[in-house]
Amino acid sequence: MQISDFDIIWVEICNYPIASSIQMHSHDFFHFIYVDGGEGCITLDGVPYPMTSGTLFPIPPCREHGFCNSADEPLRTFEIKFSLKDEEKVKTLLSFPHQLEVTDSSVKASLLALYRELHTKQSFVSDVVYLHFNLFLTYLERYSESLHKSAKLFGTKSILSPEIEKTVSYIRENFTGDINLDALSELAGFEKNYFLRKFKKQTGVTPMDYILAKRMEKAKELLRYSDMNITQIAYATGFKSVHYFSKVFFDNMKVRPSDWRLNQN
């Protein structure tokens, strides 16, 4: 529904079944996902983040994202998709981090009130929708601002332990090279099996899945903007052969690299 300076496209409470997933995609509007129960992993701009209860993911327009349920119970989310005309509000929302640990109950309450109004059996009242939506944005802005002030005073707290943060940083800088689990576990200072469990618990994915995600992110960048051919891109992103690269790309994107490139023009 469109009201003055914003357009609410969709507001819903979703329950994603065990082992379900949403493939990587993007769209030209904001998509905010609040996790209300269960656990999962969401990938934003090629970086995985754990989805736990009380976390909010403010996804800006045109950002690739996808997520999956990683627990033995449904993943429950409150989701809202919308667009804004107010450039100042857009600028504020774009400044949000990819992940917010929301402890302010007003944020969830305002989003739930908006959902209930839009799903009432009677006709919803535009003025009430306008009120709830703006309250939701206002509470988020205040909460984000308070986190920013706290970070200046006490320093930003990472969601990753120092050992895992070290390996994630290493992968980001060296993902096109030959990286193996032995080297990563040694870098973290852990026995390999323990490292694997700790890495997946904190990031939601295995180290090799994270390496693959970074390679895919870079491959799509090169396909979209470079003049390199498919074989050159395959080797430039760390794949051992163009055939394997094409297979992995198709498995993830459901389209061949060459066809994906054509669709970007």
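At 3% relative accessibility, Thr203 counts as buried. I noted the cut-offs: buried is under 20% relative accessible area, exposed is over 50%, and partly exposed is in between, with a 1.4 Å probe and protein chains only. The model is predicted, so I kept its limits at hand: local features need pLDDT of at least 70, side-chain atom pairs count only at pLDDT 80 or more, and totals for chains, interfaces and linings use all residues. Residues are numbered from 1 along each chain as its sequence is written, and side-chain values use heavy atoms, with hydrogens and water left out.

**Entry 1: Thr203**

I placed Thr203 in helix α6. Helices (H or I, at least four residues) and strands (E, at least two) are DSSP runs, numbered from the N terminus. Which residues is Thr203 in contact with, leaving aside its neighbours within four places in sequence? I found Cys41, Pro48, Tyr49, Pro50, Leu160, Ile164 and Val168. Contact here means heavy atoms within 4.5 Å. I also looked up Thr43, which is 160 residues from Thr203 along the chain; their C-alpha atoms are separated by 9.8 Å.

**Entry 2: α4 against α6**

Two packed helices are described by the angle between their axes and the distance between the axes. I looked up both values for helix α4 (residues 162-174) and helix α6 (residues 192-203): the angle is about 80°, and the axes are 10 Å apart. Axes are lines fitted to C-alpha atoms, for helices over the stretch in contact, and angles run from 0 to 180 degrees between N-to-C directions. The helices α4 and α6 are therefore roughly perpendicular to each other. On this scale, under 35 degrees is roughly parallel, over 145 roughly antiparallel, 65 to 115 roughly perpendicular, and the rest oblique.

Which residues meet between α4 and α6? From α4 I listed Ile164, Thr167, Val168 and Ile171; from α6, Phe195, Lys198, Phe199, Gln202 and Thr203. By class, this contact has five nonpolar, three polar and one charged residues. The classes are: Ala, Val, Leu, Ile, Met, Phe, Trp, Tyr, Cys and Pro nonpolar; Asp, Glu, Lys and Arg charged; the others, Gly among them, polar.

Glu165 is also in helix α4. I noted Glu165 as partly exposed, with a relative accessible area of 26%. Glu165 and Ile13 are 152 residues apart in sequence and 33 Å apart in space, C-alpha to C-alpha.

**Entry 3: The cores**

A nonpolar core is a set of buried Ala, Val, Leu, Ile, Met, Phe, Trp, Tyr and Cys residues joined through side-chain atoms within 4.5 Å. How many residues has the largest nonpolar core? I read 28, and the residues with the most contacts inside this core are Ile42, Met51, Phe57 and Phe199. Not counting residues up to four places away in sequence, Ile42 touches Ile33, Val47, Pro48, Tyr49, Met51, Phe57, Ile59, Gly66 and Phe67. A second, separate core has 27 residues, including Phe30, Tyr34, Leu100 and Phe133.

I followed Leu100 to strand β10 (residues 100-101). Leu100 is buried, with a relative accessible area of 3%. Leu100 and Phe199 are 99 residues apart in sequence, and 20 Å apart in space, C-alpha to C-alpha.

**Entry 4: Asn134**

I found Asn134 in helix α3 (residues 126-154). Is Asn134 buried or exposed? Asn134 is buried, at a relative accessible area of 14%. Residues up to four places away in sequence aside, Asn134 touches Phe6 and Lys89.

**Entry 5: Loops**

Most residues other than glycine have a negative phi. Ala19 is in the loop between β2 (6-16) and β3 (21-25), and at 66% relative accessibility Ala19 counts as exposed. Asp45 is in the loop between β5 (40-44) and β6 (47-51), and at 26% Asp45 counts as partly exposed.

**Entry 6: Confidence**

I checked pLDDT, the predictor's confidence in each residue, from 0 to 100. The mean for the protein is 87, and 91% of its residues reach 70 or more. Over residues 150-158 the pLDDT is below 50, and beyond near neighbours in sequence this stretch has three contacts in the model. Where pLDDT is low, the predicted coordinates should not be read in detail.
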